[in-house]
Amino acid sequence: MKISIGSDHAGFELKQELAEYLRSRGHEVADYGAASKDSVDYPLFAHAVARDVASGAADRGVLVCWTGVGISIAANKVAGVRAGNCFNVEMAGLFRRHNDGNVICFGQKFIAPADAKAMLDAFLATDFEGGRHARRVGEIEDLAACACRL
């Protein structure tokens, strides 16, 4: 899989560890930064990853900031992106299975690297269930398309 990854300065350490982990598992990784712990603005990194996922240049995305909240909000501004801030393995799997999530977000303050790796494995290994969930995901996409025209 091709995975795009990004973070702000507050998520830099976890992002670095996850990028290396993904490479060790055979994934192609596009790392959009941040490149250090120097202060940066997360919306730019979220947008770069979200753009890759929405365009099909990446299969999935991974974003990290201090809480995971801001970076998930920014990523969800890109049409076609369904970014979710996850806190455990079950949640990461359900996010994929029920919401066709395509960008997983983590808060470095709250997630240990080992737990983030386990959640990432679940996120990447789980397929979208479709069925009744497909209708809801379609409604989300329809609403996003309407918002773009306002």
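This is a predicted model: local features need pLDDT of at least 70, side-chain atom pairs count only at pLDDT 80 or more; totals for chains, interfaces and linings use all residues.
Reader: Back up a bit. How many helices and strands does the chain have?

Author: There are 6 helices and 5 strands. Along the sequence they follow the pattern β-α-β-α-β-α-β-α-β-α-α.

Reader: OK, β5. Which strands pair with it, and over how many bridges?

Author: Strand β3 (residues 60-65) runs parallel to β5 and is joined to it by 5 bridges. Strand β4 (residues 83-85) also pairs with β5 in the parallel sense, over 3 bridges.

Reader: Give me residues I can click on. What stands opposite Gly107?

Author: Cys65 stands opposite Gly107 of β5.

Reader: Is β5 enclosed or open to the outside?

Author: Strand β5 (residues 103-107) is largely enclosed by the rest of the structure, because 5 of its 5 residues are buried.

Reader: Which residues are on which side?

Author: Val103, Cys105 and Gly107 are on one side, with Ile104 and Phe106 on the other; all are buried, and both faces of β5 are covered. In a regular strand, side chains alternate between the two faces of the sheet.

Reader: And what handedness does the unit of β4, α4 and β5 have?

Author: β4, helix α4 (residues 89-99) and β5 make a right-handed β-α-β unit.

Reader: Which of its residues are buried?

Author: Phe45, Ala46, Ala48, Val49, Ala50, Asp52 and Val53. The elements covering them include β1, β2, β3, α3 (69-75) and β5.

Reader: What span should α2 have, and what does the model give?

Author: At 1.5 Å a residue, its 14 residues should span 20 Å, and the end C-alpha atoms are 20 Å apart, which agrees.

Reader: What comes just after α2?

Author: Gly56, which takes a positive phi of about 90 degrees.

Reader: New topic: how many aromatic pairs?

Author: The count comes to 1 aromatic pair. In Phe95 and Phe123, the ring centres are 5.9 Å apart and the planes are at 15 degrees, so the pair is stacked. The cut-off used here is that planes under 30 degrees apart count as stacked.

Reader: Where do these two sit in the chain?

Author: In distant parts of it: Phe95 is in helix α4 and Phe123 in helix α5 (residues 113-125), 28 residues apart.

Reader: Are Phe95 and Phe123 buried or exposed?

Author: Phe95 is buried, with a relative accessible area of 9%. Phe123 is buried too, at 0%. Buried here means under 20%.

Reader: Last one. What share of the chain counts as buried?

Author: 47% of its 150 residues. As for contacts between residues at least 6 apart in sequence, 66% of them join residues at least 24 apart.

Definitions and conventions. Residues are numbered from 1 along each chain as its sequence is written. Side-chain values use heavy atoms; hydrogens and water are left out. Buried means under 20% relative accessible area, exposed over 50%, partly exposed in between (1.4 Å probe, protein chains only). Helices (H or I, at least four residues) and strands (E, at least two) are DSSP runs, numbered from the N terminus. Two strands pair if DSSP finds at least two bridges between them. A crossover is right-handed if, with the strands pointing away from the viewer, the path from the first strand over the helix to the second runs clockwise. The expected span of a helix is 1.5 Å times one less than its number of residues. Contact means heavy atoms within 4.5 Å. Rings of Phe, Tyr and Trp (its six-membered ring) pair if their centres lie within 6.5 Å; planes under 30 degrees apart count as stacked, over 60 as edge-to-face and the rest as tilted.
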